[in-house]
Amino acid sequence: MPLIRIPKRWELPESQVTPESIYWNRRRFLKALGLGTVSLLGGFWPGLLSGAPDEQDELRATIPPPHKPYPAPRNPRFQVDRPLTPELIAAQYNNFYEFTLKKNGVWKLARRFRPRPWTIEISGEVHRPTTLDIDQLLARFPLEERVYRFRCVEAWSMVVPWTGIPFKKILDFVQPTGQARYVRFVSFYRPEEAPGQKDRSYPWPYFEGLTLAEASNELTLLATGIYGHPLPNQHGAPARIVVPWKYGYKNIKSVVKIELTRKRPPTFWNTLVPDEYDFWSNVNPNKPHPRWSQATERDIATGRRIPTLLYNGYAQEVAALYKESR
Ligand code: MTE
């Protein structure tokens, strides 16, 4: 897996673990030819869009057309002082290990994935346990669009408009009991559709967790859309969590189960590599990863390095959640 170290027996050849460096070298090469800023697809940067025009058409075809209730009204409170990442760049640069470890290969393999019919079970320490069909969920809760920064632990970043439901509204609906302290999220398990799940050295399905206070924070979204239409499979259709002050891997995709618990739930990457990925995983430029600095990040659209902000720029909304610098 790129940059996220996993125990020796899973390690990939260098050529597979550093696809990013290949992109950046290609970009330098294009720049040297004076092509660094050539726009192929309405302003997209060619260094990151792989494949011939036919393949780019195939990539476009993975993006679902907007249909009701999309596009949702944008909430003007959540804006970012950086340009939006072009949609196709975000759509072909993914981490979704259920399909493949190669970022630019996810969209191709995820085309076989069927995000409908889909239900999300909400259980545990709640007064109203429920199982919601995704379309029932969309009908019951109003959607809104928010532009958020997104920062991966691997030190790349983007800015995207998510469409989703503020997670607090879902919590209010199921009514947590007085014993609830944490929220556990579980993704799907379908090895016949997701070839990466045939690799039994990972503890599938992917699982994550937040404290109840984090899950109730105004920033936490259950996202069902991006760029004004439903989520394409590669971004975690039909619904994924978005917690923009945490590293990308906390933003679990394609959620099927949400459980409120008394005890802190284990998380996928912390289970695999406990000394590198902790439960909190808040974006923090002053706390290096054991193997690299987190002080800066690379914008996937421009290739430029920019400073990383504490809590990814969301200190105002979340700093009060943490007494220590987590
Ligand atoms: N969710 C699941 N189910 N499986 C995954 O492999 N990868 C995580 C996160 N959620 C992952 C996941 C990581 S490491 C990142 S950086 C983000 O998804 C990437 O989200 P994106 O591909 O939509 O940009």
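Predicted model: local features only at pLDDT ≥ 70, side-chain atom pairs only at ≥ 80, totals over all residues.
A polar contact is a pair of N or O atoms within 3.5 Å. A nitrogen atom of the ligand is 2.7 Å from an N or O atom in the side chain of Glu98, so the pair falls within the 3.5 Å limit and counts as a polar contact.

Two other residues can be read in the same way. In Lys253, a polar side-chain atom lies 2.6 Å from an oxygen atom of the ligand. In Tyr97, the atom concerned belongs to the backbone: a backbone N or O atom lies 2.8 Å from an oxygen atom of the ligand. The protein covers 100% of the 530 Å² of accessible area that the ligand has on its own.

Now consider the surroundings of the ligand. The space that the ligand takes is the largest cavity. Around the ligand there are 18 residues, and the closest are Tyr97, Glu98, His235, Asn251 and Lys253. Sorted by type, the shell consists of nine nonpolar, six polar and three charged residues.

The next topic is aromatic rings. A pair of aromatic rings is described by two quantities, the distance of the centres and the angle of the planes. The count for this model comes to 28 aromatic pairs. One of them joins Phe150 and Trp162: the ring centres are 6.2 Å apart and the planes stand at 55°, so the pair is tilted. Planes over 60 degrees apart would count as edge-to-face, and planes under 30 degrees apart as stacked. Phe150 belongs to strand β3 (residues 144-151) and Trp162 to strand β4 (residues 156-166), so this pair, with its members twelve residues apart, links distant parts of the chain.

The backbone has some exceptions to look at. Most peptide bonds are trans, and most residues other than glycine have a negative phi. The peptide bond from Tyr70 to Pro71 is cis, with omega near -10°; Pro71 is in the loop between α3 (53-61) and α4 (87-91). Another cis peptide bond runs from Trp204 to Pro205, with omega near -5°, and Pro205 has its place in the loop between β5 (182-187) and β6 (207-211). Tyr311 is not a glycine, yet its phi is positive, about 50°. Tyr311 is found in the loop between β12 (305-307) and α10 (315-318).

Definitions and conventions
Residues numbered from 1 in each chain as written. Heavy atoms only, no water. Near = heavy atom within 4 Å. Polar contact = N/O pair within 3.5 Å; in protein donor to acceptor, adjacent residues only side chain to side chain. Areas by Shrake-Rupley, 256 points an atom, 1.4 Å probe, with all protein chains shown as cover. 1 Å grid on protein atoms, 1.4 Å probe; cavity = no way out; pocket = protein on both sides within 12 Å on 5 of 7 lines; lining within 4 Å. Sits in = over half its atoms within 2 Å of the grid points. Nonpolar A, V, L, I, M, F, W, Y, C, P; charged D, E, K, R; others polar. Phe/Tyr/Trp six-rings, centres within 6.5 Å; stacked < 30°, edge-to-face > 60°. Helix = DSSP H or I, 4+ residues; strand = E, 2+ residues; numbered from the N terminus.
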